[in-house]
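Have the sequence and the 3D view open as you read.

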Amino acid sequence: MDVLSDVMTVLRTGRPFAARFAKSGPWSDHRIGRPNGFGVQLMVRGTAVAVTEGGETFKLGPGDALLVPHGAPHLVADSPDTPPGPRCEPGHAFPGAVLRSDDPDATHVIICLAYELAPNRTHPLIGTLPDFVHLPADPEARPGLANAVAMLDGELASEQRGGDTLVPALLDAVLMYLLRALLGPRTAECRFAGWARALADKAVGPALEAIHADPARQWTVAALGGVAGLSRSAFSRRFTEMVGQPPLAYLTSWRLTVAARLLADTEAPLASIARQVGYGSEFAFAAAFKRDFGTPPGQFRKHAPACDPAAAEPFRREPVAA
């Protein structure tokens, strides 16, 4: 699995939330904070402003996106002069809700997406991002994103059969296009420091991809340095500076993150999970897991939230007041 796909497939719990708000006249919604949430506001029609609790203001035009990677509270309104409106908490709708509003005459249409993430381990990419990231519309440079948003808007505005399958897939597509746009294909285009810049780096990036593609492989620093095209010492130094951990420490951390997902999602025996994440024995795996998570893997499994999307509550379609 490639590293961007890992962002959501390994750490998401339950199913995502989506709401399409079609509004006219003065309006304002207060998005309350959710510490384990990853939110996205997509402006489809009209303009709006998003205001953080610290007073920072983002102007949103058609096609703009505002990412809220850490679930920070904020206000979304048609104008900064509009009084604060009702509190909106997508968290109460987890797992798996679709709220819809299909007013054809609405002057403003905004889509709110939210993912609930595992509370015990933050993906390093998400940890790199600031509380708010504004991505202006650029359909010529990012036609895939524009098309995915248009398809999602159409699905949320309708009640056609198959929507329960299409909507989650479109949410994932929109998020992946957004992450691609934020990271860029080259280091110079990456807007962030830390892990995100490391992924875009021409040397460290391929090594990260290799770890995520095959975490069970018995990687050495020299082997990863070969993937990066650097000597062992040069690679170790560069990786540690950019990622914040030495290569093998990062490998161990990621293996155990994958193991936590397998424990929560599957009924696979501990010995099988140990092999899947690169441990030669169940004992070695259990010791490493307890050291990192503070609890044995068996106990973790008993108390872990269900992460299997198939076990989540089906999507509900409910009206949203304009």
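## A buried alanine

Leaving out its neighbours within four places in sequence, alanine 203 is in contact with Ala228, Leu230 and Arg238. Keep in mind that you're looking at a predicted model. To find alanine 203 yourself, look in the loop between helix H5 (195–200) and helix H6 (204–213).

Is alanine 203 buried or exposed? Its relative accessibility is 4%, so alanine 203 counts as buried, the cut-off for that being under 20%. Glycine 226 is 23 residues away from alanine 203 along the chain, and the C-alpha atoms of the two are separated by 9.6 Å.

## The buried side of H7

Ala228, one of the contacts of alanine 203, also belongs to helix H7 (residues 221–228). There, Ala228 is buried, and so are Val221, Leu224 and Gly225. These residues cover an arc of only 105° around the axis, which means they sit on the same side of H7.

And what covers them? The cover over the buried residues of H7 includes H6, helix H8 (232–243) and helix H9 (247–265). Just after H7 comes glycine 229, which takes a positive phi of about 75°.

## Pairs of opposite charge

Now for the charged residues. Side chains of opposite charge can pair when their charged atoms come close. How many salt bridges does a search of the whole structure find? The count is six.

Aspartate 153 and arginine 20 form a salt bridge, with 2.5 Å between the closest N and O atoms. This pair links distant parts of the chain, 133 residues apart: aspartate 153 is in helix H3 (residues 143–156), while arginine 20 is in strand S1 (residues 17–23). Both aspartate 153 and arginine 20 are buried.

Which residues are linked in a network of salt bridges? They are Lys23, Asp29 and Arg31.

With 23% relative accessibility, arginine 34 counts as partly exposed.

Key:
Residues are numbered from 1 along each chain as its sequence is written. This is a predicted model: local features need pLDDT of at least 70, side-chain atom pairs count only at pLDDT 80 or more; totals for chains, interfaces and linings use all residues. Side-chain values use heavy atoms; hydrogens and water are left out. Helices (H or I, at least four residues) and strands (E, at least two) are DSSP runs, numbered from the N terminus. Buried means under 20% relative accessible area, exposed over 50%, partly exposed in between (1.4 Å probe, protein chains only). Contact means heavy atoms within 4.5 Å. The arc is that of the directions from the helix axis to the C-beta atoms. A salt bridge is a side-chain nitrogen of Lys or Arg within 4 Å of a carboxyl oxygen of Asp or Glu.
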